[in-house]
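Work through the exercises below with the structure open. Each one sets a task and then gives a solution in steps.

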Amino acid sequence: MDAVLTRGVPTARGLRLKQRLLSCPYEIDIERARSYTLAWKQHEDDDPCMRAARALEKTLREMSIRIDENELLVGVKTFKPLAGVIPVERGEFNTVLEVELERLTSRERHRFHITDPERRELMRDILPYWRGRTARSRKIELWKEWGIYETPSMGPASLGRAVRGMGAKKAARFGKLTMGGSLKSAAKLPTMLRELAGLRPNLALTVFDVQGHLVPGHRRVLELGMEGIAAWAERRLGELRENEPDYEHKADFLSSVPVVARAVVAYSHRYADLAEEMAKRLEEELAADLAGETVADLAANLAEDTPVGPSRKAAPEPSAEIRAAEPAAPERAAEPESSSEILAEPDRASEPATPERAAPDPSSAEILARRRKCASELREIAERCRHVPANPPRTFLEALQSIWMTQAAMCISYGMAEILSLGRVDQYLFPFYRADIEAGRLTRELALEAIEDFYVKLATFLIMLVEIGKETASEMGVGSNTVTIGGLDREGNDATNEVSYLLLEAHENLRALANNLCVRVSAKTPRDFLEKACGSHRFTSGVAFFNDEVIIQELVEDGFSLEDARDYSIVGCVEPTSTGSSFACTAGNDISLAGVLEMALNEGRMLLSGGRVGAATPDPRSFASFEEVKDAFAAQLAYNVDKLVRAVEAKDRAHAEAFPAPLVSATLEGCLESGRDMTRGGAKYNYGSITGRGLGTVADSLAAIRWAVFERKLLSMEELVHHLRTDFREDEALRRELWTKAPKYGNDDPEADELARWVTDIFCAEVRKHPCGRGGFYRPGIFSYGVHVADGMSLGATPDGRRAGEPVSNGISPVNGRESGGPTAVMRSAALAGGAPLSDGTALNLRFSPSMLGSGEGEGKLAAMIEAYFALGGRHVQFNVVDTETLRDAQAHPEKYPDLVVRVSGYCAYFTDLGRSIQNDIIARTEF
């Protein structure tokens, strides 16, 4: 197996692609929103699957495409280089755009660009059509019917509680983040409260509108091609009988699959046509050059590797419903045009290439050779796009092109990037890589270039966040388009291969680019591979490690076959599921465990809530024993899990009724076989999920109550409740004693660790007893993807000494700064707490000084630490290897650190793209 040869140094092609990506402005692209709106109007009376299929077909037929310089793989989700897909039919970003567009386009840093005509079209024609028609709207209707929806209010009583519980300064900051900082923005209050109520049945519960996450069936596309999938659906449709259960839906779904599959084929063929056109033009210019142009002329027209060629299909005439305006690019540096560099309509300029260090003037022969290479690569791109993903690939580059084109089309179809993880890419690609290498068709260097290109494309995902969302999360590179490598194969053998090493090398060469790379570790994993994965932290964060022994066993216990369990992939942040055969909706349905504790200590009320939002548990001032505290917490947890499950079931019903996903479904095992869309339970495996947050804060708080009230008797329950409701302002000494002296989870201290395990045990029991409407049951996990900071903003003080408004703990990690026993003590605590059946995943974050890897022995020591943790039963661990000084300097001077990637909780992000609150949370983590 080849060793890594160029660690931390990207190929020249990869460097240019990365630099261009990081220099792109944030943009808003409305092409998909326009096409889906027009298609929805035209097909309003069609069955749901066919309506979705026709909308995708129209979009892929009409959206603008481009082929950029240096690309080996082609396919875009948006014509604008760095923009997000807007899922108008689902609705989660519609209110963001309606209410926050002015702020998004005028803020000082990472401003979004949109032209005035596009802004008018979006605000006047597109968004108004979807009011009351989205999946979100239907979900809220069901919440109201089922008694889940809480009418939002923020009256004097709520404001008074917030000021008393947080203090005026913190309450004002929370108000600014949710409503804005001006009198004008105060008018947004009713809308923002409705937005909050549409996401949160109460302040401890969150139900995002997307049904994600999942691993699509890329393996099925590679095996059958889109034409094979279309033919399968047509055969299955021909076999369908009207007396079959759910006949109408099956007929709708199976009829829609050929439409979406062949729409993807046609989309790929558009790129083949464009590449051929560009190659022909370049070859004509080469002939003209050879007929008499000077070397200087040749050099002036030289394209680095492949020319740029945007292509805009003529838009339809504006209708009465949509007055479509031709968008123009935001202001960019001028670029000299020649037909060898750009094939574009006059109104659309390409993104200029990033300048590199000066190179010697090329000779005439070198120029001609490089231009011939450009033309040759374009011809090869055309051939690949003509063959895949319509058919099974024949080569490594065709396989990678098929995966990317399918991924891009599915993101356009589903409307969100961050729910579609790639799965076991090393397993998909290795047979093609081995065959090509043996046949002499491929070099390792070209394969590495292609993988780097692939990673850059995965990093082009972008979303738009309201102000409080931006404060606590990131917008760029949030796709969590997770790649899983290593581990066991379906037969139980080590699956690590040459492509595993290439994927790891490309990851560290590009410094992660905010992409998640998940390394599966088994007893059979080569130590060399594990150490190389550890050594990637010399260059970047972004690698996470997963324990095959624990995860495979849990998946089998959940009902997966042993072969499918061994073939698991990681979804999104840290969630294990089978590859291409499961619709487990592994994230997006969350419960704040710290919020549950706040209810337990307030008779079912929360600091910012008007009335009781939880169970009617007793007045905490009457608690005479610690067991009564635990009983109140358990009762609130049961009440809130039940409410959250009902809220999720309503969301799932809204999707099943009217918002299916025929393209993604067509790739999943089980859907074509059963004739059902994934939203109707068509996949081979079906589960729901509930994610808990703030475990460390709750464990420390319970330990503090037992220690201070019932053991040391430092204060009474009545006194404690008073201090919690006034943020300890009357007794800072007591707060500090609770913060520093009470037992703390994460220090291998049974006084706190056993309480953490008690919490995870009852959490798992409550979640797992609920059946999922699509089939299966709800699987529990504990991770936070950064939302733990937003959780803390709406919570009062906690018994561990945490002040109101401060973040709660992330994942199953300890509270920041409370782990004093070193990283091995943290791991022992986390292994105990995470030993409950948290099969939907857990996130353990640790931060190390770069000096840990400074010596030649550092990689081996880190590998040994991971092995020891996994031997204790640990499920997952990930590291930020960056010192506090660097993080603080990046916060102060973001322009110096454009590609500094950190692990937030379960996902990677550019540190300078994160909001200040989540940046501070990462800085506050203990540096070992």
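This is a predicted model: local features need pLDDT of at least 70, side-chain atom pairs count only at pLDDT 80 or more; totals for chains, interfaces and linings use all residues.

The second largest cavity has a volume of about 150 Å³.

**Exercise 1. Describe the lining of the second largest cavity: which residues lie nearest its centre, and which elements give two or more residues?**

Solution. 
Step 1. The lining consists of 15 residues, and those nearest the centre are Glu89, Ser413, Phe659, Pro660 and Ala661.
Step 2. Two or more residues each come from α2 (31-42), α3 (48-62), α15 and α24 (626-658).
Step 3. Sorted by class, the lining holds eleven nonpolar, two polar and two charged residues.

**Exercise 2. Find how many cavities of 30 Å³ or more the whole structure has, and describe the largest cavity.**

Solution. 
Step 1. The search method rests on a simple idea: a probe the size of a water molecule, rolled over the atoms, shows where empty space is left.
Step 2. The largest cavity contains about 240 Å³ of space.
Step 3. Its lining is made of 19 residues, with Arg66, Asp68, Glu71, Pro81 and Thr460 nearest the centre.
Step 4. The elements giving two or more residues to this lining are α1 (12-23) and α17 (444-458).
Step 5. By class, the lining of the largest cavity splits into eight nonpolar, three polar and eight charged residues.

**Exercise 3. Determine how helix α11 is oriented against helix α12, and list the residues that meet.**

Solution. 
Step 1. Helix α11 covers residues 218-239 and helix α12 covers residues 247-290; their axes are 8 Å apart, at an angle of about 160°.
Step 2. Because angles over 145 degrees count as roughly antiparallel, α11 is roughly antiparallel to α12.
Step 3. The handedness of the α11 and α12 crossing is left-handed.
Step 4. On the α11 side the contact is made by Met226, Glu227, Ile229, Ala230, Ala231, Ala233, Glu234, Arg236 and Leu237. On the α12 side it is made by Ala251, Leu254, Ser255, Val257, Pro258, Ala261, Arg262, Val264 and Val265.
Step 5. The classes in this contact of α11 with α12 are 13 nonpolar, one polar and four charged residues.

**Exercise 4. Repeat the analysis for α11 and helix α15.**

Solution. 
Step 1. Helix α15 spans residues 396-414, and its axis comes within 10 Å of the α11 axis, crossing at roughly 105°.
Step 2. Since 65 to 115 degrees counts as roughly perpendicular, α11 is roughly perpendicular to α15.
Step 3. From α11, the residues His218, Val221, Leu222 and Met226 meet Ala399, Ser402, Ile403, Thr406, Gln407 and Met410 in α15.
Step 4. This contact of α11 with α15 has six nonpolar, four polar and no charged residues.
Step 5. Met226 is listed in the contact with α12 and also in the contact with α15.

**Exercise 5. Classify the packing of α12 and α14.**

Solution. 
Step 1. The two axes come within 8 Å and cross at roughly 160°.
Step 2. That angle makes α12 roughly antiparallel to α14.
Step 3. The α12 and α14 crossing is left-handed.
Step 4. The residues of this contact comprise 15 nonpolar, two polar and ten charged.

**Exercise 6. Locate the cis peptide bond and the residue that has a positive phi although it is not a glycine.**

Solution. 
Step 1. The cis bond joins Val388 and Pro389, with omega about 0°.
Step 2. Pro389 sits in the loop between α14 (364-387) and α15.
Step 3. The residue with positive phi is Arg511, at about 60°.
Step 4. Arg511 belongs to the loop between α19 (498-509) and β6 (517-521).

Methods
Residues are numbered from 1 along each chain as its sequence is written. Side-chain values use heavy atoms; hydrogens and water are left out. Axes are lines fitted to C-alpha atoms, for helices over the stretch in contact, and angles run from 0 to 180 degrees between N-to-C directions. Helices (H or I, at least four residues) and strands (E, at least two) are DSSP runs, numbered from the N terminus. Angles under 35 degrees count as roughly parallel, over 145 as roughly antiparallel, 65 to 115 as roughly perpendicular and the rest as oblique. A crossing is left-handed if the near helix is turned anticlockwise from the far one by less than a right angle, and right-handed if clockwise. Contact means heavy atoms within 4.5 Å. Ala, Val, Leu, Ile, Met, Phe, Trp, Tyr, Cys and Pro count as nonpolar, Asp, Glu, Lys and Arg as charged, and the others, Gly among them, as polar. On a 1 Å grid over the protein atoms alone, a cavity is a set of points where a 1.4 Å probe fits but cannot get out, and a pocket is an open set with protein on both sides within 12 Å along at least five of seven lines; lining residues have an atom within 4 Å of a point. Grid points are joined across faces, edges and corners, and a volume is the space filled by probe spheres set on the points.
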